[in-house]
Amino acid sequence: MTVLELTLLCIASGAAGAINSVAGGGTLLSFPVLLSILGPENAVIANATNSVALCPGSAAGAWGYCKELAETPRWQYWLLLPSVIGGLTGAALLAFGPKGVFEGLVPWLILTAAMLFLLQPMLSRWIGIGKHHEVPSVGRLIWILLFQFS
């Protein structure tokens with residue numbers, strides 16, 4: 001790995017961390033940089049590296065919001081199951097799925113993530129996120145759980 005590549009990785013990781021601390025979505029910056037340096041044939045390694053690198057920031061964010069999380073324990077349990085099932089399903093498909101499928105899906109996954117990030121305010125209003133004491137309808141709850149699963 002060259003000094004330039006290491007420098008780009010450091011800049012991208014720092015910028016992605018800053019983006020994640022403010023609004024989320026830093027993966028849209030860090031993953032493409034990893035992918036460009038490691039090459040498309042190493043998309044699985046780039047994805048795993050990116051996911052592991054996000055863990056400390058996610059843990060710190062959860063710790064920083066522990067007071068707010070304590071006020072919504074019911075939601076934690078509702079969202080835990082689709083998170084675990086979605087993560088395990090994705091990991092299994094990545095590890096045991098046909099070789100090369102993930103590499104072909106990468107551009108579409110990045111595009112989908114970017115679109116969801118862009119549409120997040122509209123989707124939040126539509127499904128009722130931010131209305132702390134309002135119980136969502138069954139239809140909205142299903143959408144919330146599906147988005148969490150993905």
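Start by selecting C66: with a relative accessible area of 42%, this cysteine is partly exposed, a label for values between buried (under 20% relative accessible area) and exposed (over 50%), using a 1.4 Å probe and protein chains only. A disulfide here is a pair of cysteine sulfur atoms within 2.5 Å.

Now click on C55. C55 is likewise in no disulfide, and its relative accessible area of 47% makes it partly exposed. Searching the whole structure turns up zero disulfides.

A word on what you are looking at: this is a predicted model, in which local features need pLDDT of at least 70 and side-chain atom pairs count only at pLDDT 80 or more, while totals for chains, interfaces and linings use all residues. Residues are numbered from 1 along each chain as its sequence is written, and side-chain values use heavy atoms, with hydrogens and water left out.

**Zoom out**

Show the whole protein as a cartoon. You will find seven helices and zero strands, so the order from the N terminus reads α-α-α-α-α-α-α, with helices (H or I, at least four residues) and strands (E, at least two) taken as DSSP runs numbered from the N terminus. Along the principal axes, the C-alpha atoms fill a box of roughly 55 × 35 × 25 Å. Of the 150 residues, 16% count as buried. Among contacts with a separation of 6 or more, 56% come from residues 24 or more positions apart; contact means heavy atoms within 4.5 Å.

**First stop: α1 and α2**

Select residues 3-22, helix α1, together with α2: their axes come within 8 Å and cross at roughly 165°. Those axes are lines fitted to C-alpha atoms, for helices over the stretch in contact, and the angles run from 0 to 180 degrees between N-to-C directions. That makes α1 roughly antiparallel to α2, on a scale where under 35 degrees is roughly parallel, over 145 roughly antiparallel, 65 to 115 roughly perpendicular and the rest oblique. The crossing is left-handed, meaning that the near helix is turned anticlockwise from the far one by less than a right angle, whereas clockwise would be right-handed.

Show side chains where they meet: the α1 side includes L8, A12 and I19, and the α2 side includes V33, L34 and I37. The residues of this contact divide into ten nonpolar, three polar and one charged. Nonpolar covers Ala, Val, Leu, Ile, Met, Phe, Trp, Tyr, Cys and Pro, charged covers Asp, Glu, Lys and Arg, and the others, Gly among them, are polar.

Center on L8 in α1. L8 is partly exposed at 41% relative accessibility. Beyond its neighbours within four places in sequence, L8 touches V33 and I37. L8 and V33 are 25 residues apart in sequence, with their C-alpha atoms 7.6 Å apart.

**Second stop: α2 and α3**

Next, select residues 27-38 (α2) and 43-64 (α3), whose axes come within 9 Å and cross at roughly 140°. The pair is therefore oblique, and the crossing is right-handed. Residues in the contact include F31, L35 and L38 of α2 and I45, A46 and L54 of α3. Here the division is eight nonpolar, five polar and no charged.

Finish on S30, also in α2. Is S30 buried or exposed? At 11% relative accessibility, S30 counts as buried.
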